[in-house]
Amino acid sequence: VGEPVSVSRLPRNLSRLSKGAEHLLFVGPAVFLLLAIVIFPLVYTFVASLYNWDLGQMLDFVGFGNYLNQFRDPNFWLAMFVTLQMTVLSVGLEFVIGLGLAILVNRELRALQPVIRTALLIPLFTAPVVVGSTFRMLLDPQFGVLQFVFNIRGFAPTATDPFALLTVVAGDVWQWTPFMFIIFLAALQGVPRDTIEAARVDGASGWQQTRFVLLPQIAYAIVVALLLRLMDALKIFDVIVTLTRGGPGRSTEDATFAIYRLGLENFYTGDAAAFSWILVVILSVLVGILFRQIHGRYKLV
Amino acid sequence: MEQDIFERILASTLNRRQALKTAAGAAAGIALAACGPSQTSGKAKSIKLLASDLPPFLQANKYWANQAKSRLGIDISIEPQPYGNLFAKATAAWIAGTADFDLIIVANQWTGEWAQAGLLENLDSYVRSDSGIKKDDFIQRSWESTGSWKGRDGQQHQFEIPFNSEGRIRFYRTDLFEKAKRTVPTSFPEYVDTLKFFKNNPDFPNVYGAVEMFGKEQGPAIVHELYQSTFPFDSVKTSNGWWDDNFQVIMDEGLVADAIRKINSVLPYQPGGVQAYNLPEAINFFEAGTAAMTEVWPSVYGATLTSGTKLPGKVGASPVLSATVGGPSKPFLGGWGMAINAKSPSDRKQAAWEFIKLSTSAEAERHDWESYARGPSRKSVYNDPDLQKKSFWLKAMGEAAANGVNAGRIKGMADFYGGDFWVTCNQGMVGSISPEKAASGMKKALVDLLTKNGYPQK
């Protein structure tokens, strides 16, 4: 542990800076980075969304025409619906499995905690592209491992409705359930044991202990975990690209993939920018509502 | 107007880079002049080719790059890209001003997009002044539909030299059909009978009647073929059945829905997972000996036949299916050419042209056919009886090239293939939406596509 640095030991020139300059020195780089990599792209994308762009050509100003085009396009709504399905299924399953595992490990398998925790961390260290590719290899209708294990000829969930969407969800659940598990386990370990003991002495069943004693005490962790996963699950991309490429048909084409196809495969920059902004607004509203709820109830932020 | 803006965007990027390059070049030139003999030459010594990674194409490019080194003294570095990435990669590089390639392999559907934006070099003067290209030997349709496009002056110009022109054909297992004492189907109703015959037939265990490409990338081509086979070409001036010669949408929704319904109805007779099959999957399945037929691009399966098939002597070739018994077979046509990046310096363009001449020559096409089965685009190769004897599918390819129907030629063809039109068709094929809904979605997508690309609909 080092000795704390006193102001008197700062370089002479730095200590002479005015308060304002000092603030600028510390905050400036962060502000510059924020402007360069967040604000500028957002503004640039908004400008692009107001023009008819095609193959790098800024053709003409169309106002909010690109936005209206999106709302009129049934494929836009389909992509939003696919996004909703994926998000609800992924986050829901991750929550249920993660919480269940955390309660089980906390209550019954305390001795095995370090092993289980380490093993469950592995998916978190895996890149989503690798998850998608691995699932594709596992489920390939010709050479997939599952074909051999279960000896089912032509078993091809990635190519059929509605299983293709479920395989994308499965990939996401496999990767992100451990995230929920780790957060819930940490929260559960912070719950005082005497509250559980007291409930047990009062005759509460296992379910009642969990429902009325344990869960309310880790509610803040649940909300934070759900919020973080929700923001991420709304933009699943890598797994879709490597596993199904949005197919069959459009069965797994979520909003992010649809934007990618519009902007980077067909080069309709204006349409893609408008779609992106619609998604940004929806996400911001959703996250804003959730934050407001959390803030009101748990005084977290 | 729109072209001017694009040119300005490109020019602003290029001018800065070129100014720097020119300054650096001038400094280097002065240094060289001061230190030694002059190094002037009208032709660069090394250039770059942005290529496709399709095996027969890439193998041919590599072979002729070696030949160019020894015959012309030009080093060709090759950057291969998967078919699915090539268009996006090149376009993004042009837009960003980082297109460092001098030569590019161009699928015929991309020509309009790039030529109209001024990104491909107009080759008219090269062709006019260089008889070495032997223009008359190319199949006329290939020369026109693969390589030419209306330039900014409204006139037709040559932007690519074709090196591949082919229509899809059907490969089948001669031994299985002989054993079954059946003829190879040429129409859709006969095809359905064949599929039913092979389905769970104890005499042919584990053999499907066919494996087709239902995947998003290739699948809709088969709908195109069935539709074109029934389209009344006599009633309207059109070359493709999707829009007329005035670029007005004439797609017949009923016929398209019928074509989609047909292909969707045979899904139960195909192997599991076929909804995601594109070229590699269909060819692997056929090569594994578990399907009696498959319809693919002949250059791609031809490469397997040439380099070492697992089914030697057991494969035959036939035309693609007509929609009705006795109806016409209308194979889906494709083609590739080689073009010069209009933004390359002139000495590199000259070297690029030398390479194009070499690698698209009759000698090259013959060599590439015999070595890698890369489909030719020259009459002298297609019609060579010796080659037809050696490669049984060359004749079927020639017929397909003669009878086939191109998807059409507009500026937005890249979007036609990967955008809403194509994907909506695929949704119908795999049963995600009804054939009627798919056909109506395709028509809407087609109207949008033409309107967006500067072909207003009345």
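**Core and interface**

Modeller: In this predicted model, Ile104(B) touches Leu49(B), Leu50(B), Ala90(B), Trp94(B), Trp114(B), Leu120(B), Gly337(B), Met338(B) and Ala339(B), leaving aside residues up to four places away in sequence. Ile104(B) is among the residues with the most contacts inside the largest nonpolar core, together with Trp114(B), Trp242(B), Met251(B), Phe416(B) and Leu446(B); that core has 156 residues. Helix H20 of chain B (residues 435-452) contributes the most to this core, namely seven residues. A second, separate core holds 22 residues, including Ile103(A), Val105(A), Ile116(A) and Ala187(A). Ala221(A) lies in helix H11 of chain A (residues 219-233) and counts as buried because its relative accessibility is 5%, under the 20% limit.

Chain B and chain A bury about 2,800 Å² between them, with 51% of it on carbon and sulfur atoms. In chain B, the most area is lost to chain A by Lys216(B), Gln427(B) and Lys452(B), together 17% of what that side buries. Lys452(B) forms a salt bridge with Asp271(A), the closest N and O atoms being 3.1 Å apart. Between the two chains the count is four salt bridges and twelve residue pairs in polar contact, both residues at pLDDT 80 or more. The side of chain B that touches chain A divides into 15 nonpolar, 15 polar and eight charged residues.

Technical notes:
Residues are numbered from 1 along each chain as its sequence is written. Chains are lettered from A and ligands numbered from 1 in the order in which they are written. This is a predicted model: local features need pLDDT of at least 70, side-chain atom pairs count only at pLDDT 80 or more; totals for chains, interfaces and linings use all residues. Side-chain values use heavy atoms; hydrogens and water are left out. A nonpolar core is a set of buried Ala, Val, Leu, Ile, Met, Phe, Trp, Tyr and Cys residues joined through side-chain atoms within 4.5 Å. Buried means under 20% relative accessible area, exposed over 50%, partly exposed in between (1.4 Å probe, protein chains only). Helices (H or I, at least four residues) and strands (E, at least two) are DSSP runs, numbered from the N terminus. Contact means heavy atoms within 4.5 Å. Buried area is the accessible area (1.4 Å probe) that two parts lose on being put together, summed over both. A salt bridge is a side-chain nitrogen of Lys or Arg within 4 Å of a carboxyl oxygen of Asp or Glu. A polar contact is a pair of N or O atoms within 3.5 Å; within protein, one must be able to donate a hydrogen and the other to accept it, and residues adjacent in sequence count only if both atoms are side-chain atoms. Ala, Val, Leu, Ile, Met, Phe, Trp, Tyr, Cys and Pro count as nonpolar, Asp, Glu, Lys and Arg as charged, and the others, Gly among them, as polar.
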